[in-house]
Amino acid sequence: MDGNYSRLACGVLVLGLAVLSQGCQASGPVLLPDTTGTHLSQGADLQGDPKQIQAIFAMFAKAEEAVQHKDLEALMSLYADNYQHGGYNKDAVRAVWSELFARHRDFAGAHIFSKITVDSGKPIPLAHVTCTGGLWAVSDETGQRVNIDSWYGEVHHVTFDHGAWHLAGTFWEIPRAKESRPAFLPHPFF
């Protein structure tokens with residue numbers, strides 16, 4: 001959060017173009033500016049105590065670092081014990097991450113937050129983080145960089161428990177009525 005919002009806005013634009021063009025084939029390597037890491041978008045809507053918002057931001061940065069180092073234990077320590085998302089619980093997400101780490105290397109990701117809302121008026125505080133981003137890695141099978149996941153305007157839900165913020169999932173969301181896919185993808189893992 002260095003205040004360099006022009007660079008972040010450019011990063012968001014480049015990330016959006018990369019996400020939109022992920023299915024296109026280039027004749028050679030395409031070099032993009034570094035859009036990895038955890039960032040706030042220009043004009044991000046931050047609602048809540050600044051210390052709590054900073055702690056949430058730091059939790060996502062720790063998650064990205066754990067993924068980069070393929071540190072499954074450090075990553076899973078950031079998930080709430082009661083994590084739920086589209087049929088996935090904490091154990092199921094652990095299995096997915098374990099499989100990803102076994103088949104890929106050189107992970108890189110980006111989380112660009114446009115809104116963070118902290119609701120500390122509940123017995124267990126909750127926060128809702130609106131985010132655009134992606135996750136990439138090199139496939140051990142093909143040696144090619146692959147897009148593992150990308151998202152636009154997803155809401156990550158986090159909960160404050162045991163003295164820290166944890167990834168909570170989306171257990172309270174209602175499925176979209178017009179969803180045409182047979183099953184929801186298991187994102188956001190973060």
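Helices (H or I, at least four residues) and strands (E, at least two) are DSSP runs, numbered from the N terminus. The model is predicted: local features need pLDDT of at least 70 and side-chain atom pairs count only at pLDDT 80 or more, while totals for chains, interfaces and linings use all residues. Residues are numbered from 1 along each chain as its sequence is written, and side-chain values use heavy atoms, with hydrogens and water left out.

**View 1. Trp97 in helix H4.** Trp97 has a relative accessible area of 1% and is therefore buried (under 20% relative accessible area with a 1.4 Å probe, protein chains only; exposed is over 50%, partly exposed in between). Lys70 lies 27 residues from Trp97 in sequence, with 8.8 Å between their C-alpha atoms.

**View 2. The largest nonpolar core.** A nonpolar core is a set of buried Ala, Val, Leu, Ile, Met, Phe, Trp, Tyr and Cys residues joined through side-chain atoms within 4.5 Å. The most comes from H2, with 8 residues.

**View 3. Strand S2 and its partners S7 and S3.** Two strands pair if DSSP finds at least two bridges between them. S2 and S7 run parallel and are joined by 2 bridges; Tyr79 has Leu167 in S7 as its bridge partner. S2 and strand S3 (residues 88-89) run antiparallel, also with 2 bridges, and His85 is opposite Tyr88 in S3.

**View 4. The hairpin of S2 and S3.** The strands have 2 residues between them, and Gly86 takes a positive phi near 50 degrees in this hairpin.
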